[in-house]
Amino acid sequence: MHGSRASHRDGSAEGGGGSSRASGGAPLRVLHVSSGNLYGGVETLLRTLALASADRTGGAVHAFALCFEGRIAEELRAAGAPLTLLGPAKVSRPWRVWEARRSLMALLQREAFDAVVCHAAWPQAIFGPVVRTAGVPLIFFQHDALSGSHWVERWARVTSPDLALCNSRYTASTLPSVYPRTPWRVLHPPVRDGGPGLMASERTSLRGELGADAADVVIVHASRMQEWKGQRLLLEALGRLRQVPRWKAWFAGGAQRPEEVAYEEGLKAQAVALGLGDRVRFLGQRSDVPRLLRAAEVHCQPNTGPEPFGLAFVEALYAGLPVVTTALGGPLEIVDASCGVLVPPTPDALAQALRGLIEDEAARRKLGSGGPARAKALSAPDAFLSALEDAVRSVARESVA
């Protein structure tokens with residue numbers, strides 16, 4: 001074990017290039033490679049990593065390489081992080097992939113890195129061979145559960161990393177379907193504390209703008225518009241609570257793909273059909289989710305499929321909200337009896353848990369008070385950076401041994 005936050009197992013790994021920085025000379029230099037065209041958990045991690053490393057004195061230099069312009073590219077620049085755009089690699093246009101690979105090779109030849117971290121299977125498949133050819137240690141950051149059957153995963157399997165960093169024990173359990181002999185560590189993603197609570201006047205104003213008054217218990221759900229994130233299940237549970245007074249629900253999160261637009265429209269129709277039209281608000285994409293959390297009373301994202309980890313749950317814990325979710329995947333490593341309630345993925349069980357918190361302010365306060373300490377123990381950015389740098393040193397030392 002590496003402290004309380006990281007674990008590993010023995011396994012085989014191919015050697016790569018290395019650097020004397022790993023033995024205590026100049027600061028480590030790490031390159032993080034991702035696609036950059038969407039915005040979700042991977043991009044949130046990259047932004048947090050950039051901000052946390054900028055605040056840290058004497059730590060590693062973390063640089064970034066993306067294929068596409070987008071929100072995460074803008075955020076990395078705003079954080080002052082070194083950023084290289086490799087070009088819009090698309091598998092349907094092989095020449096674009098070749099051009100992006102050439103851009104990465106030029107970067108690795110121009111600048112010395114102690115390791116390259118490919119975030120998820122797609123960049124691992126596209127760019128893993130380039131990193132291998134350049135002789136730089138290769139780390140795969142596993143953000144999702146793997147099955148080994150998807151074509152991207154089969155392509156990624158061709159290039160084994162020196163080390164896999166798994167964002168939860170749940171995702172680590174699926175790693176052998178693609179990399180059965182790769183050593184691994186569990187490294188929970190970093191999550192920043194969203195800051196202090198709102199001033200009373202600010203909280204009242206925000207709640208008023210979103211249709212809640214002082215006596216309402218606000219239930220907040222903040223995620224991408226994807227069905228497995230549980231918006232539909234939450235609406236079904238809320239439909240069972242129509243006769244329970246003094247609650248409102250906010251759904252934050254914007255649709256990024258055509259199928260997500262259709263899903264969101266279906267949710268709005270479902271809310272109306274359940275008679276919840278005046279108690280449920282769909283807020284769209286929000287850049288102030290930490291403020292929304294601090295203006296609410298309960299966080300509920302009842303996933304209908306296993307979540308790889310669950311950054312949103314940690315953000316809610318930092319905000320001092322009791323968390324209600326389903327007992328599936330990564331949240332089992334986040335939510336316990338000190339800070340929330342785990343339920344089966346059924347409307348009746350979810351409605352019962354929510355009703356208990358709506359009607360019991362003391363229970364809400366007790367569970368909410370346990371959240372910040374739990375969040376810090378799981379995902380403090382400084383602890384994440386230390387564990388990440390330790391992982392980089394381990395592969396860099398092996399590569400020059």
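The chain carries 45 positive and 39 negative charges, and their mean positions are 2 Å apart. Lys and Arg count as positive, Asp and Glu as negative; His and the chain ends are not counted. The place of a charge is NZ of Lys, CZ of Arg, CG of Asp or CD of Glu.

## Basis of the values

This is a predicted model: local features need pLDDT of at least 70, side-chain atom pairs count only at pLDDT 80 or more, and totals for chains, interfaces and linings use all residues. Residues are numbered from 1 along each chain as its sequence is written, and side-chain values use heavy atoms, with hydrogens and water left out.

## Overall form

The chain has 15 helices and 14 strands. Both are DSSP runs numbered from the N terminus: helices are H or I with at least four residues, strands are E with at least two. The C-alpha atoms fill a box of roughly 65 × 45 × 35 Å along the principal axes.

The radius of gyration is 22 Å; a compact globule of 401 residues would have one near 21 Å, so the two agree. The radius is taken over C-alpha atoms, and the globule rule is 2.2 Å times the number of residues to the power 0.38.

## Burial, surface and contacts

Of the 401 residues, 56% count as buried. Buried means under 20% relative accessible area, exposed over 50%, and partly exposed in between (1.4 Å probe, protein chains only). The chain exposes about 16400 Å², with carbon and sulfur atoms supplying 53% of that area. Accessible areas come from the Shrake-Rupley method with a 1.4 Å probe; for residues, only the protein chains shown count as cover.

Take the contacts with a separation of 6 or more: residues 24 or more positions apart account for 70% of them. Contact means heavy atoms within 4.5 Å.

## Residues 39-191

An unreviewed UniProt entry annotates residues 39-191 as "domain: Glycosyltransferase subfamily 4-like N-terminal". UniProt positions follow the numbering used here, feature names are shortened, and annotations may be inferred rather than shown by experiment. This span is 42% helix and 17% strand, and its end C-alpha atoms are 16 Å apart.

Leu46 sits in helix H1 (residues 41-55). Leu46 is buried, because its relative accessible area is 1%. Leaving out residues up to four places away in sequence, Leu46 touches His32, Ser34, Phe64, Ile72, Leu76 and His119. Ser92 is 46 residues from Leu46 along the chain, and their C-alpha atoms are separated by 26 Å.

Ala120 lies in the loop between strand E5 (115-119) and helix H4 (121-134). Ala120 is not a glycine, yet has a positive phi of about 95 degrees. Its relative accessibility is 16%, so Ala120 counts as buried.

## Residues 204-371

The annotation "domain: Glycosyl transferase family", from an unreviewed UniProt entry, covers residues 204-371. Here the chain is 40% helix and 17% strand, and the end C-alpha atoms lie 23 Å apart.

Arg246 is in the loop between helix H8 (231-239) and strand E10 (247-252). Arg246 has a positive phi of about 65 degrees, although it is not a glycine. At 39% relative accessibility, Arg246 counts as partly exposed.

Gly305 belongs to the loop between strand E12 (298-300) and helix H11 (311-318). Gly305 counts as buried because its relative accessibility is 15%. Not counting residues up to four places away in sequence, Gly305 touches Trp228 and Leu328.
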